[in-house]
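Have a look at the model below, and let's work through it together in questions and answers.

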Amino acid sequence: MWRIVLLGGFGTAFALGPLLFSGLRPNDYKGGRSKSIEDSIERNTSSVARVLGEVRTSMSDIMFMKTERYLHNGIGYAPHLTESEIMGDAGSHEGTATTIRSGDSDFRGFVGVLERKVKPWRDPSLPHIHSDGAELLPWYRLMTASDPNCERCYAIGGWWLKTHNPEEGVKFLEEGVANNPDSFAIRFMLGQVLREVASTDATTAKNPAETGAAGDKLLEYSVRARDVFAEGAEIVMRVRYNGAFVENKAEWNDHVEDDATGVCRMAALMEEKFGDPVKALEMARRYHAKFVADRPLEKFIERVTKELEKAP
Amino acid sequence: MQAVAALPINPVRSISLVARGVLLETIRRQEFYVLFILMGVYVLGMIVTMVVGIENKAVGTFLLNLGMTMAYYSAMVLTLLTAARQVPTEMENRTLYPLLGKPLGRGEYLVGKWLAAAGIGATSLAVLMALAWIGAPRMEEYDAMMLAQTMILAVLSVSMLAALALAFSLVAPQAVNVVVLGLLVVVGDAAVGFARARAAPIVGPSAAQWITAYIPNFSILDTVTRYTDGIGPLDGAMFVGLAAYAVVYTGLALAAGAAIFGRRSL
C-alpha cells in the first residue's frame, strides 16, 4: 500500500514537474567571472591556458575557438582577443602566431615540415584570410540551443547570419530576445539587422514616403527597428548606473557600454526619422542625462533642437 | 520452536546490512583509489602552480573552478558505476537469490543499495571537494553560503543519480544505463536544449518545453561555477525548489524501481 502511495505522490509531482520546476535556473545570472570578457582574456593569455593548449578555459571558449578556426579556413591561430590584436595593422591580424609553429621557430625538423604540409597552415606574417562565415553559423545555432541565455552567441551569430540571410537573422535574433527579455545587446543587433533587411529589400526606395511595395517594406522594417531600439534603450535606462562610464563598474565593461550607447543613439535617431522628432529630442535628452558625456547624443540634441526651432 | 519466517525483522537493520555489503564490496574493488590518485595529481599541479606563481586572479578562480568541477564529476562517475552494477552483477553472480531467500523485502534491498551508492558518492564528493578547495588558490571573494548550498545540491545530485542508475539497471543493460546517464550528467543540458530547439518548430515551443522538461537535468544542481563566479547565494525558494526537484526524481526512481523489481520474475 505504501508503495502505491509513494509512487502516486512522486508520480504526480513528476507529471506536474514542468509546471513546478520550470523556473529553476540557478545558473542564469548576469555577470560573473566566467562570462567576463576581461577575465577570459586574462585566463586565455596565462601560462595555464598555454599548458592546456587548445582546450582553453571554458566550454564557451572552446565553441568560440571552433568558430575562429572555421573563420580562418581551418588554420589555427593563437588567441587574438584584445582590441589591438583583433584590429592588427590593417585589420588583418598579421603577426599573430599559428598553433603549428612556423619553420624558423620549429625545433621538430621534418615532423614540423610534414605537419605544415598536411594540415591547414599559413605563414603567420601574412594577413589572415577570413571565410564568409557560412561555416560558423551551425556553431552559433549549437551554442544558442545548448545555452539559450548566451547573449553574445545570439548577437554575433545574428551579425553573421545577416550577411547570408537577413530574414533568418531577424528570426534568430527574435528568438534571442524571447529567451533573454532583458538583453539590450541582442535588441541592438536585431535593430541593425532589421535596418539591413529594410535597405536590402528597398533597393529602389530611399525614404518611407515613396509608394509601392519597396517603400512599404522599408517603412515596415524601419518602424520595427525603431521600436526594437527603443525597447533596448529603455532596458539600458533601467539597468545602467547614472554617470560617465567607469571601467568594469558592476560588470559593465567597454563592450557593454558600446552596446548601451549604440542602442540609445539609434533609438533617438530612428524615432526622429520614423516617428516624432519632438519625442526623439526628449528621448535623446533623457539618454544623455544617463550617460552624461556622450558626444554623438550631444550633437544629435544640438542638431534636432536647431531643426525644430527652424520648423514652422 | 519458532519458525524463522515469523521472526520480527527490523527493516532499518535489513537496509543497513545490504548497504554495508555494498560498502565492503566497494572498498574491496578499490575503484575510488583511482579518483583519489587523479585528484592527487590535480593537487600536485596546484602546488607546482603556486610555487611557480599565478599571474592573476582570473587564473586563480579558473583553477578553483577546475578542481571543484573535477571533484563533482569524479564523484558522479563513481556513484554511477557503483549504482549501475549492483543488481545486474548480483543477478549474474547469482548472489541475489540466496539474499532474497532471507526475510528481506525487494524494496528494502533496493533502498539499501541506493543508500550505499549515494553514501559512497557523497563521501567521495566531500573528500574530493575538500582536496580541490584546499589545494586551489582563492584569490577573489567567494560566498560561503553559496559554497554550502553548492555542496548540499551536489549531494542531492549524487543521490538522484544513484536512484536513477538503480532504477534503469532493472530495465536496461548495464552498459546502456551507464552511457545514457553519463551523457545526461555531462552534456544533458546542452543535448536537451538542442532537442528542444529542434522539436519546437514541429510540436510548438510550449509542447517542446513541456516534454523535454521531464528529462532529468543534473546541470541545475551543479552550482560550482555560480560559486566561483562570486555570485551570492540562491534565495530560499530557489534552493528549496532545487532540493525538491532532486527529491522528486530520487523518490520516483526508487518507488518505480521497487515496483518493477517487486513484480519481476527472477
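Q: Where in chain B is B:I215 found, and is B:I215 buried, partly exposed or exposed?
A: B:I215 is found in the loop between α8 and α9 of chain B, where helices (H or I, at least four residues) and strands (E, at least two) are DSSP runs numbered from the N terminus. A residue is buried if 20 or more other C-beta atoms, placed from the backbone, lie within 10 Å of its own, exposed if 12 or fewer, and partly exposed in between. B:I215 has 13 C-beta neighbours inside 10 Å, so it counts as partly exposed.

Q: Which residues is B:I215 in contact with, leaving aside its neighbours within four places in sequence?
A: This is a predicted model, in which local features need pLDDT of at least 70, side-chain atom pairs count only at pLDDT 80 or more, and totals for chains, interfaces and linings use all residues. Residues are numbered from 1 along each chain as its sequence is written, while chains are lettered from A and ligands numbered from 1 in the order in which they are written. Contact is defined by C-beta atoms, placed from the backbone, that lie within 7 Å, and the partners of B:I215 are B:G188 and B:V192.

Q: At roughly what angle do the axes of α7(B) and α8(B) cross?
A: B:V192 also belongs to the α7(B) side of a helix pair, where B:V192, B:A195, B:R196, B:A199, B:A200 and B:V203 meet B:P205, B:A207, B:A208, B:Q209 and B:T212 in α8(B). Axes are lines fitted to C-alpha atoms, for helices over the stretch in contact, and angles run from 0 to 180 degrees between N-to-C directions. The two axes come within 7 Å and cross at roughly 145°.

Q: How many nonpolar, polar and charged residues has the contact of α7(B) with α8(B)?
A: Ala, Val, Leu, Ile, Met, Phe, Trp, Tyr, Cys and Pro count as nonpolar, Asp, Glu, Lys and Arg as charged, and the others, Gly among them, as polar. By these classes, the contact of α7(B) with α8(B) has 8 nonpolar, 2 polar and 1 charged residues.

Q: Which element gives the most to the side of chain B that touches chain A?
A: The contact takes 37 residues from chain B and 31 residues from chain A. Elements that give two or more residues to the chain B side are α3 (57-92), α7 (174-203), α8 (205-212), α9 (224-228) and α10 (236-263) of chain B. With 11 residues, the one that gives the most is α10(B).

Q: What percentage of the 266 residues in chain B is buried?
A: Chain B has 10 helices and 0 strands. Among its contacts between residues at least 6 apart in sequence, 90% join residues at least 24 apart. The buried share of its residues is 43%.

Q: Is B:R94 buried or exposed?
A: B:R94 lies in the loop between α3 and α4 (96-101) of chain B, and has a positive phi of about 60° although it is not a glycine. Because there are 8 other C-beta atoms within 10 Å, B:R94 is exposed.

Q: Which helix of chain A has the lowest mean pLDDT?
A: The predictor's confidence in each residue, from 0 to 100, is its pLDDT. Chain A, with 15 helices and 0 strands, averages 78, and 77% of its residues score at least 70. Helix α14 (residues 277-291) has the highest mean among the elements of chain A, 91, whereas the lowest, 50, belongs to helix α6 (residues 83-87) of chain A.

Notes. Contact = placed C-beta atoms within 7 Å.
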